[in-house]
Amino acid sequence: MQQPFFDLVDHLTGQLAGQEVLLAYFSGEQSDFVRFNKSLIRQAGSVTQSWLSLDLIDGRRHVAGSCTLTGEPEIDRRRGSDLLADLRSQLPSVPEDPYLLYSTTPQSTEQVRPNQLPDSGEIVDAVLAAGAGLDLVGILAAGGIVAGFANSLGQRNWFSTHSFHFDWSFYHAADKAVKTSHAGFAWDQSAFDRKVADAREQLAILAREPKTIQPGKYRVYLAPAALKEIMSSMCWGGFSLKAHRTKTTCLLKMIEQGRTLAPSVTIRENTAEGLAPNFLSGGFIRPPSVTMIQAGRLKEALASPRSAKEFDVQPNSNEYPESLDMSAGQIAPEAVLKELGTGVYVNRLWYLNFSDLPASRLTGMTRFATFWVEGGHVVAPLNVMRFDETIYNMLGENLLGLTSQRDLMPSSETYRCRSTRSARLPGALIGDFAFTL
């Protein structure tokens, strides 16, 4: 895919006229997908696809468009040429863009990660064995993802990685299920076996009579997947330079009032260890890491090329983190229940939204396996509850600790193609967590 893409861009560059500049972006995948229900394979298939996106620039005017590619050089050259001609016909009709910014200094890179995945059939066999005798429901996605950038100025960038994501549940009855996931760059059977054993143990607890607790404040443990929902909401404008400058960020009090989070909270955009490419669509190279919050204090914002142009800074990412990374803490995974003592163990959250954006207040629901814990022992499953809390409480004054082990959680989104977003997060022990219903 790499050389054919670069050859195609060379072909299109030869068709440019006058002062035209061409930016080209390539995305592709070779993925296997398997859907499971009642511990049986219900649907299996493979997807091979690739896309070409072009941005034709003339002065301050530019027009962008995309098309699918076939892998056949003659057909792809014709498709690319047709797209280029269509964009050129539109250029005179569009206004100048005051925030257009692209790299004019060629910085070519190549990042090709080795394929450490087994054949998908081996993963399927492990999944079927794990679900024996239970109602396992889930989706497996595995394979290679590639991305490329090239422009008429001579820059060439290429990125290739292989990963898998298995998102599954052990279903009990009604709204009771244990949901978990296993993901990474290489299949770790022992790690998968541990997650299956934990999920089976939690499934047995779900069979007990559920408990309902009264609204109030409780000591709570948020598993990494639950914390991911908190962080995902926080990322919508939380670290964006545009949101900071227009005061539409949920972290407004950190900017204007000097509010801080707990000293143990350090959050980065860790491109070097994530799944996302190390270059942007405008040709800018992402730094290996951008620290947004360091030891609880706001540090650096994420600036896309458009925001960088508007506010006269250097671009360093897109406005939303794509390789989110939160530093680990000191709580050993096996000590979580003991440290929790008496309180609520939350595996998952859902339906999150800001109830008060400037105050950074979030509301949402517990989901799937949430448990009542007494004296460091799981006693009963809990019925669904609603919480209402601020980020400053959860990750600030009420944060009691973070786990020493973190989970890598790639996005399971497959809209148009498999997502390259990911989050590496610990679990969080929180005091005085407010449940309202």
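Is the crossing of α1 and α2 right-handed or left-handed? The crossing of these two helices is right-handed, where right-handed means that the near helix is turned clockwise from the far one by less than a right angle, and left-handed that it is turned anticlockwise. Before going further, note that this is a predicted model, in which local features need a pLDDT of at least 70 and side-chain atom pairs count only at pLDDT 80 or more, whereas totals for chains, interfaces and linings use all residues. Residues are numbered from 1 along each chain as its sequence is written, and side-chain values use heavy atoms, with hydrogens and water left out.

Helices and strands here are DSSP runs numbered from the N terminus (helices are H or I with at least four residues, strands are E with at least two). Two packed helices are described by the angle between their axes and the distance between the axes. The axes are lines fitted to C-alpha atoms, for helices over the stretch in contact, and the angles run from 0 to 180 degrees between N-to-C directions. Helix α1 (residues 2-13) packs against α2 at an angle of about 45°, the two axes being 10 Å apart, which makes α1 oblique to α2. Angles under 35 degrees count as roughly parallel, over 145 as roughly antiparallel, 65 to 115 as roughly perpendicular, and the rest as oblique. A second pair consists of helix α3 (residues 120-130) and helix α4 (residues 189-206), which pack at about 25° with their axes 11 Å apart, and α3 and α4 are therefore roughly parallel to each other. The crossing in which α3 passes α4 is right-handed.

Helix α5 (residues 224-238) shows how a helix can be mostly covered, as 11 of its 15 residues are buried. Buried means under 20% relative accessible area, exposed means over 50%, and partly exposed lies in between (1.4 Å probe, protein chains only). Among the buried residues of α5 are L227, I230, M231, M234 and C235.

The charged side chains come next. Side chains of opposite charge can pair when their charged atoms come close. A search of the whole structure finds 14 salt bridges, a salt bridge being a side-chain nitrogen of Lys or Arg within 4 Å of a carboxyl oxygen of Asp or Glu. E96 forms one of these with R61, the closest N and O atoms being 4.0 Å apart. This pair links distant parts of the chain, since E96 is in the loop between α2 (73-90) and β4 (109-112) and R61 is in strand β3 (residues 61-68), 35 residues apart. R61 is partly exposed, with a relative accessible area of 33%.

In the salt bridge of E74 and R77, the N to O distance is 2.8 Å; the two residues are 3 residues apart in helix α2 and so are separated by about one helical turn. R77 counts as partly exposed, at 30% relative accessibility. R306 and D97 also meet through their side chains in a salt bridge, at 2.6 Å from N to O. R306 belongs to helix α8 (residues 305-311) and D97 to the loop between α2 and β4, so that the pair links distant parts of the chain, 209 residues apart.

Turning to the cysteines, the structure holds 0 disulfides, a disulfide being a pair of cysteine sulfur atoms within 2.5 Å. For C235, the nearest cysteine sulfur is that of C250, 8.5 Å away, and C235 is buried with a relative accessible area of 3%. For C417, the nearest cysteine sulfur is that of C67, 15 Å away, and C417 is partly exposed at 27%.

Finally, consider the strands. Strand β14 (residues 361-374) and strand β15 (residues 377-381) run antiparallel and are joined by 4 bridges, two strands being counted as paired if DSSP finds at least two bridges between them. F371 stands opposite P381 in β15. The hairpin of β14 and β15 has 2 residues between the strands, and there G375 takes a positive phi near 55°. F368, a residue other than glycine, has a positive phi near 60°, and its place is in strand β14.
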